Amino acid sequence: MVNFQMDELLRNQIFAIHAIAAAGSVTLGNALTYPLDTAKVIIQVGSSSGKPLTTTKALERVKYLSGYSGLYNGFGWLALGRSLGVGARFGTYEIMAAYFKDGRQYNYLSLSEAFRAGMVAGVAESVITTPFELVKLRAQVASASPPSNYSSMRKKRKALNYSVDLLSTLRNKHTNMTGALQAYPWMMTGSGSPPSVTNVRRLPDIISLEGWSSLLRGLRPGLVRDSIYGGVFFTAWEFLHQAMVDWKAIGMNPVPSMDEDIPLSPLAVTFAAGLSGSVAAAASHCFDTAKSRSLCTVVPKFVSLERKFLKWKRPGSRFERWTGIHPADRKVLFNGIGLRMARCGISSFVLVGSYFLIVDQLVSRGNRLT
């Protein structure tokens, strides 16, 4: 009975150590690279086919309008979403890898199996992180958007007064018609058009205007993006890992029969993760741009309902409709690819490296206490 309790306590302690290390490494990697992500999002959303936005201009715009703190607008949503999403990605991958390896004498995973397992892992991550990305991305865009000026406020007030005058001839059954009109979404702009993304960036505002279904907006390009990213990431990582194992085994005598018996440097594994992240980011970037631009489009729930009734068809080719790419965005799909490659590479490097470091420190401290 005592031995069972000790084994259970040890298992719980190991699980807690890995959970703490995973959460800490994900948060650290995102914190260090979040300014790159903010600049990337602003370039993706603010660029047009004829006027691409540079990194310098994007950073200067954020600094001028929101200060240096604007580079971290929406970081809390990203940290929460990524902590859950990265856990789902690696957890799903390990489950799929164990399924493929089941019954084999040697613990070996082919590259095609790693790609398929990574794609499934990416789908799981995309479903979890999409709602968090919506609020995060709109907060980032708001950091580079100027506030409403005095002239626009005068236009809104003029439109509001004009609407009240038109309705004043009708029988008034509302105690505060002006306040009710101000709550109407189109009165925010004074032009009859839906409000800009800067006015609909808080979670309650998004749900009120666009409905609960808006939290899954961009899921179509997100699924394609994350499935490609997961497949390429784990395939590249598995390839580099096997190459390092084969290279290390050359100088060993006798040669170990299992790959797990060949020790690899944590620094080498960390570099492999960073390189894999950069390659996966390049392969999936066009779908990341499509998702970013989709999330920055305000579609009120009334318009969504009207499109559903009218059986509105998405524009573009069959591939563009299936992947969620708008045909007007064809020339800007690769804007910001360098920033995303740098962010994903550095984030993966920090994630894996800090994970090894935190686990080593916690295990050594636990051994000293016992």
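## Exercises on helix H4 and its neighbours

Helix H4 supplies the largest share of the nonpolar patch, three residues. The model is predicted, so local features need pLDDT of at least 70, side-chain atom pairs count only at pLDDT 80 or more, and totals for chains, interfaces and linings use all residues. Residues are numbered from 1 along each chain as its sequence is written, and side-chain values use heavy atoms, leaving out hydrogens and water.

**Exercise 1.** Work out which residues form the nonpolar patch on the surface.

*Solution.* Start with the members: Leu 80, Leu 84, Val 123, Val 127 and Ile 128, with about 380 Å² of accessible area together. Next, find the elements that give two or more residues: helix H3 (75-101) and helix H4 (111-143).

**Exercise 2.** Decide whether Lys 136 is buried or exposed, and find its polar contact.

*Solution.* Then take its relative accessibility of 4%, which makes Lys 136 buried (under 20% is buried, over 50% exposed, partly exposed in between; 1.4 Å probe, protein chains only). Finally, a polar contact of 3.1 Å joins the side chains of Lys 136 and Asp 37 (N or O atoms within 3.5 Å, where one must be able to donate a hydrogen and the other to accept it; residues adjacent in sequence count only if both atoms are side-chain atoms).

**Exercise 3.** Classify the ring pair of Trp 77 and Phe 132.

*Solution.* The centres are 6.3 Å apart and the planes at 45°, so the pair is tilted (centres within 6.5 Å; under 30 degrees stacked, over 60 edge-to-face, the rest tilted). Trp 77 is in helix H3 and Phe 132 in helix H4, 55 residues apart.

Conventions:
Patch = residues over 30% accessible without salt bridge, like charges linked within 9 Å, V, L, I, M, F, W, Y side chains within 5 Å. Areas by Shrake-Rupley, 256 points an atom, 1.4 Å probe, with all protein chains shown as cover. Salt bridge = Lys/Arg side-chain N within 4 Å of Asp/Glu carboxyl O. Helix = DSSP H or I, 4+ residues; strand = E, 2+ residues; numbered from the N terminus. Phe/Tyr/Trp six-rings, centres within 6.5 Å; stacked < 30°, edge-to-face > 60°.
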